[in-house]
Amino acid sequence: MKPLILSGRGLMEGNAEGEAIVSTKAFTFAHGVDPATGKVTDVRSDVRGSNVGGKVLFYPFGKGSTTASAWFLETVRLGNHPAAIVTEGVDLSAVIGSVMAKLIYGKDVPVVSGVPRTAYTEVKPRDRVRVDGGTGEVRVER
Amino acid sequence: MEVVTKVGDAVGADSLVPIKSAHVLAHYSSLHDAGVEVLERFADSGGKFAVPTSVDPASIDLQNWRSFGIPEDYARMQFRLCDAYARLGGMRCWTCVQYQVCNFPKQGDTVAWAESSAVVFANSVLGCKSNKITSGMDLACAILGQTPRFGMLVDENRKAEVSFKLSAKITSDLDYRSLGFFIGRNSGSRVPVLVGLPAGVSSDQVKHLGAGAAAAGPVTMIHLPGITPGSRTPEEASGEEKVEEMDVTRSDLEGVESDLDQTNETPDLVAFGVPHLSVNELGELAKMLEGRKLRAGVKMYAYTSSQAYDMALRSGILETIEVAGARVSHSTDAEISPLKRLGFNVVMTNSAKLAEIVSSEGEVRIRYSSQKKIIEEVTN
């Protein structure tokens, strides 16, 4: 199958590669991901029980508490953070968490937004994904 | 500050604008060890807040934490946050109702506040302009004294786009919370206007209405005609545009109640005060508890600011509450307490915000009911 190329807007630079984890519902790290394991704990999430660690995390929108950036940053501190985040709408928690990850821990977690909604049905769990947070290009090998 | 410029770029802000005040988060339960490192890094580098800055509640009662069973190691991390925050020059209020305690912007001021319920109050009641500022960016805005101009800072974006008409009669404190929650859930990203509130609605009731709305969705403002500056009528709120109208009926409020109420189990904790109770609300609680006694096996905590706590102490309110077997806890609240670690499994509350947020992890189960019904159930 030909790779699927999604072009979004790069909000945080960096290159990353990993397996896809795809939430079709609004997502939050706050009370939603256990930083100590990277496991999704939000009872309302459709990827509850999956692990975001090292994966390219797709979700359409952020939701909930303004502390999500802090929860995200704690996953970075403990090494259980996603390799990259790809959203449809801008999620400020992802942007801020990623800026802090670079500032405090020197880690790149590229963030891309503005990918089409169809991405969330076309991209399958475990698809191999490469993200360029500079250009906003998301390449999905299927 | 890179945080502020990156966010500005991400949201397409056209400029940075000065702010009159900031409100930041510094509680350990959300910030974790990483957040301690962030605050200490900012404080160590000699950073100072450029504008009057208040802070949300801590994860522990800063005075009586030992008697609330908070483990030493947990308290130590919270105190590191407190120390770093103090070095940055913030007001040590530790409350989510800073607008009732120490942070008093005037109508028309631009502010950068974290704490979603306070942002709704700022935009809807005080007539200030604030976005809901995410953790990390809150500190950056406070230190910079500036914030990107987008969202609710742009007049065009503040117009009401959906109208809620309350047709149910308000019969309890719970109704304000459920009504707010209903509005939050059904507004999506639109700014709502609400008509039909009782004329005598209090600022505390509006506080809980806004908190419910912000917990259920991205709402940062509710136009309340007659209360919200610049919105004397629904037409003024929407800029004379025709908007979708939704009725809010008794069955809508009951729908929220049944969604948030998850269990019939006997609670091991009753929690009032998310967001913090005012001293007047503590007084009302004391009146309801007078002559009653809390049943064995259940704890009842009322959360408030240290300032309201002091007033309650001086006016005998605290004593009445304690005689009934309940306690008042200040500078913290249940939402950001280590509930599970303290051994609480079933929490009963009249806070839609607490119910929504705590239940999302699925570890603590929630019962959602009015203050009156709760007291009748758990006291003799």
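A residue counts as buried if 20 or more other C-beta atoms lie within 10 Å of its own, as exposed if 12 or fewer do, and as partly exposed in between, with C-beta atoms placed from the backbone.

This is a predicted model, in which local features need pLDDT of at least 70 and side-chain atom pairs count only at pLDDT 80 or more, while totals for chains, interfaces and linings use all residues. Residues are numbered from 1 along each chain as its sequence is written, and chains are lettered from A and ligands numbered from 1 in the order in which they are written.

Leaving aside residues up to four places away in sequence, Cys141(B) touches Val4(B), Ile19(B), Ala22(B), Ala112(B), Ile133(B), Gln146(B) and Thr147(B), where contact requires C-beta atoms, placed from the backbone, within 7 Å.

The contact between the chains takes 28 residues from chain B and 28 residues from chain A. On the side of chain B that touches chain A, the elements giving two or more residues are α1 (2–11) and α2 (28–44) of chain B, and α2(B) provides the largest share, nine residues. Helices (H or I, at least four residues) and strands (E, at least two) are DSSP runs, numbered from the N terminus.

Chain B is divided into three domains by an automatic or database domain assignment, with these bounds:

| Domain of chain B | Residues |
|---|---|
| domain 1 | 2–154 |
| domain 2 | 159–256 |
| domain 3 | 261–374 |

The centres of domain 1 and domain 3 of chain B, taken over C-alpha atoms, are separated by 25 Å, and 22 residues of domain 1 of chain B are in contact with 17 residues of domain 3 of chain B.

Helix α6 (residues 173–187) and helix α7 (residues 203–216) of chain B have axes that come within 6 Å and cross at roughly 35 degrees; axes are lines fitted to C-alpha atoms, for helices over the stretch in contact, and angles run from 0 to 180 degrees between N-to-C directions. Helix α13 (residues 352–359) of chain B is mostly covered, with eight of its eight residues buried, including Lys353(B) and Glu356(B).

How values were computed: Two residues are in contact if their C-beta atoms, placed from the backbone, lie within 7 Å.
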